[in-house]
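The sequence and structure come first.

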Amino acid sequence: MTATPAALPTLLVLDADPLPRLGKLTGRVRVQHADASTLAEQLPSADVLLVWDFTSRAVRSAWPGGGPRPRWVHTASAGVDHLMCPELADSDTVVTNARGIFDEPIAEYVAALVLAMAKDLPRTLDLQRERTWRHREAQRVAGTRACVVGSGPIGRAIVRVLKALGVTTALVGRTPRTGIHGPGELDRLMARADWVISAAPLTDETRGMFDARRFGCMQPSARFINVGRGQLVVEEALAEALTKRWIAGAALDVFETEPLTPESPLWQVPGLIVSPHMSGDTVGWRDELGAQFVELYERWAVGKPLRNVVDKKRGYVPGH
């Protein structure tokens with residue numbers, strides 16, 4: 001006997017364009033769609049919430065309302081800070097993320113930034129537009145040192161790629177263990193590094209961790225890269241460090257407020273490369289996210305343990 005639509009679980013999707021491809025779930029789930037204005041009223045009727053619009057903070061404001069709440073929330077992103085609120089953190093709802101989708105693409109992007117800055121490619125392109133022939137000497141990447149902050153899958157992927165380029169790496173995580181340094185060693189490692197790379201999750205402990213004091217720890221020849229969360233960095237402090245040449249350069253792929261407005265002074269900071277939160281977005285990435293959710297849903301539907309379960313108090317998947 002075929003189940004009636006009323007008997008099917010309800011999957012509520014917080015929409016973003018383009019919509020996820022969920023064709024494999026046809027006839028197995030009743031799909032409803034919401035945006036920021038309708039999410040709160042639809043939450044009580046949902047069994048599962050797919051946060052496809054991972055730039056929205058609508059879940060934080062909609063979740064505290066009355067009535068039942070979904071038993072499972074999945075976000076199509078590595079970070080969960082955009083949806084976590086005390087009421088969700090204290091609930092029995094399981095939260096999962098897109099861990100595993102973005103690791104290698106982000107690591108490749110970081111390597112591209114390292115090579116671009118070491119070889120002075122931004123200046124080469126500027127000179128080409130000016131039709132100016134100006135010979136310079138570039139920096140060797142092999143033999144340099146990197147301090148990678150964030151010991152999750154993305155941070156570990158960055159370490160693997162940089163090691164392939166001959167870079168000596170130190171990985172910093174929340175808890176010191178074999179191969180991973182603790183937060184207490186960060187200042188010392190930053191002071192020795194040619195590259196400081198931020199790939200940490202956003203938590204109460206990491207918010208604003210890269211401030212004027214931390215940039216003051218770095219060598220004048222060092223460069224800073226952030227592919228974690230924008231709120232990890234005090235942007236005014238970074239701008240000052242670059243303007244006063246306390247450090248040699250930086251690249252930001254994430255920002256405290258996104259999208260970056262045309263009026264933002266960050267566009268004009270000397271030595272700063274600005275990119276629009278694209279380090280993990282490669283051709284076909286949305287299809288990968290959709291396929292990952294379908295796989296997780298199939299496990300959830302038959303009562304199997306879910307993968308990528310987030311520790312809601314810590315704000316990330318434990319075990320790294």
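## Basis

The model is predicted: local features need pLDDT of at least 70, side-chain atom pairs count only at pLDDT 80 or more, and totals for chains, interfaces and linings use all residues. Residues are numbered from 1 along each chain as its sequence is written, and side-chain values use heavy atoms, with hydrogens and water left out.

## Five-stranded sheet

Five strands form an open sheet with parallel pairing, in the order β2-β1-β3-β4-β5. Strands are DSSP runs of E with at least two residues, helices are runs of H or I with at least four, and both are numbered from the N terminus; two strands pair if DSSP finds at least two bridges between them. β2 (30–34) and β5 (94–96) are the edge strands, each pairing on one side only. From one strand to the next, the twist averages 20°. Axes are lines fitted to C-alpha atoms, for helices over the stretch in contact, and angles run from 0 to 180 degrees between N-to-C directions.

Four parallel bridges join β1 (residues 10–14) to β3 (residues 48–51). V13 has L50 of β3 as its bridge partner. Helix α10 (residues 285–301) packs on this sheet, touching β1, β3, β4 (72–75) and β5, and its direction makes about 165° with that of β4. Contact means heavy atoms within 4.5 Å.

## Six-stranded sheet

The order in this open sheet of six strands is β7-β6-β8-β9-β10-β11, and the pairing is parallel. Its edge strands, β7 (168–172) and β11, each pair on one side only. Neighbouring strands are turned by 15° against each other on average, direction ignored.

β6 (residues 145–149) pairs with β7 in the parallel sense over five bridges; the partner of R145 in β7 is T168. Helix α6 (residues 153–164) packs on the sheet and touches β6, β7 and β8, its direction making about 170° with that of β7.

## Loop residue R207

R207 lies in the loop between β8 (195–198) and α8 (212–217). R207 is partly exposed, with a relative accessible area of 48% (buried is under 20%, exposed over 50%, partly exposed in between; 1.4 Å probe, protein chains only). Leaving aside neighbours within four places in sequence, R207 is in contact with L202 and Q231.

## Second largest pocket

Residues of the lining of the second largest pocket come from elements including α5 (121–130) and β11 (272–274), which each supply at least two. α5 gives the most, with five residues.
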